Amino acid sequence: MADCIVFDIRQLQKSILLYRPVDRIFVHLIDGVISSVPEEVSVKIFANHAQEIPSAVAHLSERVVCSLPFSREPVIVVELAGSGAGLRDLFSPQLRAMTQVVTIVDGGLADPADGRQILVLRLRSTASDCEADEELRVALPVIVEEDLRGEPDPLDATQLEMLFGDSVPVIAVDGALATDKDIMRAVLGLTRRNPARILVCGDRSVVDAPEISVLRAGPALLARIARRSLAVLVPREGGAEALSMSEVMQFGGRCVAVGDVLEVQDIGELAALPVVPSPRHERPDYGALWARIVASLPTISPPAVPERPRIALVTPIFPQKGGPPHSSLDFAMALAEVADVEIWTDGDMLPAHRSRVNAVFRLDGHFDPERYDGIVYVLGNHPMYLKIFDLMREHGGALILHDAHMIDFLNHRYGGKRLGALLSEEYGAPVDVSDPGRVIGNLASYGRPFLQEIVRYASPTIVHSPTSAALLRSLYGVEASYFPVAMPYPFERSELTSEARLQAKLALGIAPSRPCIASFGEVHMLKGAKQCLFVMKELADWGIDFQFLFVGPVDQVLGGELRDRIAQYGLQDHVMIKGAVSEADYIQHLKAVDIVLQIRQIPFGQVSGALLDAVSAGMHGVASENLARSIEAPAMVRRVSDKASPTIYAEQLAEMIRAKSYEERPGPGWEDFAARHDFGRYARKFLSLLFPGRH
């Protein structure tokens with residue numbers, strides 16, 4: 001059995017309502033297969049992101065993807081005939097040999113006495129150019145939908161009375177028959193001796209006459225038309241646009257299956273035909289049906305895994321600012337050791353780095369996905385990733401996601417109105433996005449990080465927190481893999497000796513006689529800036545001597561507010577806002593600082609690059625529970641509950657300072673951490689994920 005099943009619902013998206021019988025059978029098949037296959041088989045719903053998801057499959061929204069799987073694993077695609085460009089044409093040549101396709105065609109009714117619908121399943125591999133390698137015919141019972149049995153809305157009820165309000169009989173004709181001139185002329189001929197109305201249930205009729213009206217009726221109205229019409233004419237060989245013969249029979253209507261010609265000659269003959277009740281059937285065994293389909297599929301021979309696959313890395317890159325660009329550079333350098341790497345970026349790579357990859361292209365250049373064995377996109381919660389996201393929406397591929405939520409990014413990409421619609425759809429209730437910051441602050445209460453719009457275009461998604469990976473799998477059913485976040489600044493033990501650290505302190509003007517605490521990274525309210533000052537006030541009130549540094553960029557307004565609080569708390573001799581520093585000075589700070597303090601209260605596995613950097617330097621510290629867990633911080637980082645008061649953080653710091661445990665550098669667990677968080681290991685694991693079985 002394939003590792004992944006993809007149901008193509010683009011044909012269903014052409015209408016919000018499921019007008020065709022085969023569409024309704026298709027939805028039941030999707031539900032049946034999902035409930036029958038083993039949990040380890042991934043089942044996805046492939047949709048056009050520019051069109052609405054039909055209400056009949058809305059309950060499967062967490063399985064919806066808008067790009068094709070890019071990992072080299074066997075895939076079965078199930079599609080309706082007439083979907084336009086088949087998924088076969090969307091797969092890259094490298095993946096076609098891994099894919100099998102089941103195309104569903106409406107084959108009409110098996111037998112009026114049987115009442116089951118025939119589906120013709122055309123089976124082929126995407127490596128084949130023929131229409132079908134095999135053909136399988138299966139008979140399925142037609143399950144009448146609740147919306148067909150429901151009450152019509154007032155407008156539909158009015159239309160119904162206009163059609164049936166007098167004694168003139170109505171002959172209902174399925175829209176598929178209304179495209180045949182000979183049949184429609186024959187139907188019109190039935191009304192020459194005995195007046196009758198002809199109602200086409202569809203979009204058009206090739207014959208115009210005063211007796212003919214055309215109506216694209218909703219499901220509830222269709223059921224009543226079937227009951228009240230003199231007869232309902234449907235195509236014998238399948239392809240009905242409104243009602244199947246089985247559905248008409250279940251509604252108690254008189255159904256006439258029409259082939260190449262209309263066999264009745266007048267209305268009297270039509271009215272004399274019996275109303276045949278439809279036999280009842282049990283729900284089909286979809287597990288057995290799917291097993292039969294899989295057994296009938298043509299065999300495939302997966303292509304050999306390339307020795308050095310060609311990989312497109314679509315990312316911001318150093319010297320662009322921020323943690324992810326720096327991380328992408330290190331990843332690219334490690335990946336270039338085992339693969340042919342081409343970078344797509346708006347950053348200006350340094351010549352020394354450009355020389356180590358195959359090529360570098362601008363994001364607005366012509367991107368041809370078929371050039372690559374694998375594509376990986378890097379995204380974070382910032383507008384700098386807009387072009388990258390749009391490329392991912394168009395072409396699909398693997399995703400390295402650096403942030404636990406993307407609210408700010410989505411707000412920039414779509415604007416407030418669309419953001420509200422996306423979040424409300426995912427949450428299942430209205431979400432007020434007039435203040436996106438408030439949504440971010442309340443993510444825990446929503447119980448989700450609102451990432452559905454991001455991860456639906458990617459396969460697989462790589463995150464750097466086990467919490468995030470588990471959450472994405474459970475909430476969205478996506479292929480989410482946890483990779484321990486690699487260290488941008490790996491240190492050697494010789495760089496962390498007492499002498500080396502003393503030199504760093506002196507170079508930075510940090511007093512060696514006082515324990516130095518620091519919070520690294522951008523200074524922000526959501527990153528615990530004010531809480532840090534509360535903690536420092538507690539330490540000062542307890543008479544503990546220390547120095548505390550904010551090392552990272554700070555907004556001018558926030559910086560002024562923090563300085564006012566420093567003065568208010570009497571911390572001028574203890575706290576300094578260093579602001580943004582050069583990379584060289586940042587590395588020196590990582591050596592010189594004794595204790596890291598990182599406080600953040602964003603749930604769902606938000607990774608702290610600053611905490612990672614501090615641990616890379618063997619630094620002891622105190623951090624919020626979720627931050628420490630997200631990078632699997634070793635024992636030298638003490639964990640404090642995310643909801644704990646500043647006093648708890650202060651107590652942990654005070655205990656560490658009194659015991660002078662911070663003087664042991666690197667701290668316990670550092671060597672194992674460094675081995676697990678190495679970029680070479682990260683790159684090899686990435687290739688193994690994209691190319692299973694590769695060694």
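The expected span of a helix is 1.5 Å times one less than its number of residues. In this predicted model, local features need pLDDT of at least 70, side-chain atom pairs count only at pLDDT 80 or more, and totals for chains, interfaces and linings use all residues. Residues are numbered from 1 along each chain as its sequence is written, and side-chain values use heavy atoms, with hydrogens and water left out. Helices (H or I, at least four residues) and strands (E, at least two) are DSSP runs, numbered from the N terminus.

Helix α20 (residues 529-541) has 13 residues, which at 1.5 Å a residue should span 18 Å; its end C-alpha atoms lie 19 Å apart, in agreement with that expectation. Buried in α20 are Ala529, Cys532, Leu533, Val535, Met536 and Leu539, where buried means under 20% relative accessible area, exposed over 50%, and partly exposed in between (1.4 Å probe, protein chains only). Viewed down the axis of α20, its buried residues fall within an arc of 160°, so they line one face of the helix; the arc is that of the directions from the helix axis to the C-beta atoms. Among the elements covering these residues are β20 (516-520), β21 (547-551), α21 (556-568) and α25 (646-659), contact meaning heavy atoms within 4.5 Å. Gly543, which follows α20, has a positive phi near 80°.

In helix α19 (residues 498-508), the buried residues are Arg501, Ala504, Lys505 and Leu508. They cover an arc of only 100° around the axis, which puts them on the same side of α19. These residues pack against β20, β22 and α22 (583-592), while the exposed Leu506 and Ala507 sit on the face turned away from the buried side. Just after α19, Gly509 adopts a positive phi of about 75°.

Two packed helices are described by the angle between their axes and the distance between the axes. For α13 (residues 386-395) and α14 (residues 407-427), the axes come within 11 Å and cross at roughly 75°. Axes are lines fitted to C-alpha atoms, for helices over the stretch in contact, and angles run from 0 to 180 degrees between N-to-C directions. Helices α13 and α14 are therefore roughly perpendicular to each other, a term for angles of 65 to 115 degrees. Leu386, Phe389, Asp390 and Arg393 of α13 meet Phe409, His412, Arg413 and Tyr414 of α14.

Val478 lies in the loop between α18 (466-476) and β19 (480-482). With 8% relative accessibility, Val478 counts as buried.

Key
Angles under 35 degrees count as roughly parallel, over 145 as roughly antiparallel, 65 to 115 as roughly perpendicular and the rest as oblique.
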